[in-house]
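Reader: I'd like to talk through the aromatic rings in this one. Could you put the model up before we start?

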Amino acid sequence: MSGTKITKAIIPAAGLGSRFLPATKSIPKEMIPILDTPTIDLIVQEAVQSGITDILIIVSFTKSAISNFYRHNAKLERYLISKNKNDLCEKIRKIGLGVKIRFKYQVSPKGLGHAIYLAKKFVKNQPFAVLLGDDVILKNDAHASPAIQQLMKVYDRYHQSVVGVKNVNKSEVDKYGIVEPKKYLNTKLCEINTMIEKPNVKKAPSTLAITGRYILTPEIFKYLAMQKIGVGGEIQLTDAIINLLSEQKVYALNYNGNHYDIGSKSGLVKATIDFALNDSQMHSEISTHILNLAKNLKK
């Protein structure tokens, strides 16, 4: 795989979104917006900004709203132009620009590992990126590299799989796949000894949590094909990566950027606040509102 440029990405987005019911009875959780942008499009934009040109989104049959969002809507464009809303029309036209987006259906929710395996023909024999539809990452500053691009740079150097991680509170490790470092190459990058999916808080080997960004080599499909049911009664990607460690190194990068778990209500609220504060047109109004709330806020 040496010298192979990563141009393909998989975005698994077939989850039920039960934590957002009743809203997700009719709206895919990936289409819930942060400000005016569906969360899944923030993830697509991250991939495009990183040089990805071909994306496969894994969806369930109940999520036609996602494919509709990326479908050209000439009628809406004509209406906006007729109302002299050319700026909005331009925003509509830019959706999915510069990337080919395809869709694959996951008939039943068998887990992340199964969703990735469905992309085998799409990936062929190439390394590829994975960006989970539940995880949004806000760049630290406008000039910083997107999170997945940071992982791609690690792959370009070592030509091995890379997972994105962030430090989480010890009390939260049972919500994530947790990395056990083998050795550190620098303060941000380590070689992985093993990984544990949602470990007991007392038994977690570290607080480095896998947070929805991966660069994987095609050898992962061999292990996904033979993977048994794991935690939660699903085929776990973490288990397959652990088995991949038997034949190649896997690295963990503590990337620069703020991670938000959009699969949780608190994560969505935090992301909405931070994205608003990062918006030049909204910053003043929202920061004033937060400061006024803080005056009377009690824990």
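Reader: Is tyrosine 105 buried, exposed or partly exposed?

Author: Tyrosine 105 is partly exposed, with a relative accessible area of 39%, where buried means under 20%, exposed over 50% and partly exposed in between (1.4 Å probe, protein chains only). Please keep in mind that this is a predicted model, in which local features need pLDDT of at least 70 and side-chain atom pairs count only at pLDDT 80 or more, while totals for chains, interfaces and linings use all residues. Residues are numbered from 1 along each chain as its sequence is written, and side-chain values use heavy atoms, with hydrogens and water left out.

Reader: How many aromatic pairs are there?

Author: The count comes to six aromatic pairs, taking rings of Phe, Tyr and Trp (its six-membered ring) whose centres lie within 6.5 Å, with planes under 30 degrees apart called stacked, over 60 edge-to-face and the rest tilted. One of them is stacked and joins phenylalanine 61 to tyrosine 105, at 4.4 Å centre to centre and 5 degrees between the planes.

Reader: And which parts does that pair tie together?

Author: Phenylalanine 61 lies in the loop between strand E4 (54-59) and helix H2 (64-69), and tyrosine 105 in strand E5 (residues 100-105), so the pair ties together parts 44 residues apart in sequence; helices (H or I, at least four residues) and strands (E, at least two) are DSSP runs, numbered from the N terminus.

Reader: Switching topic, which residues form an aromatic cluster?

Author: Tyr117, Phe128 and Phe221 form one aromatic cluster, and both phenylalanine 128 and phenylalanine 221 are buried.
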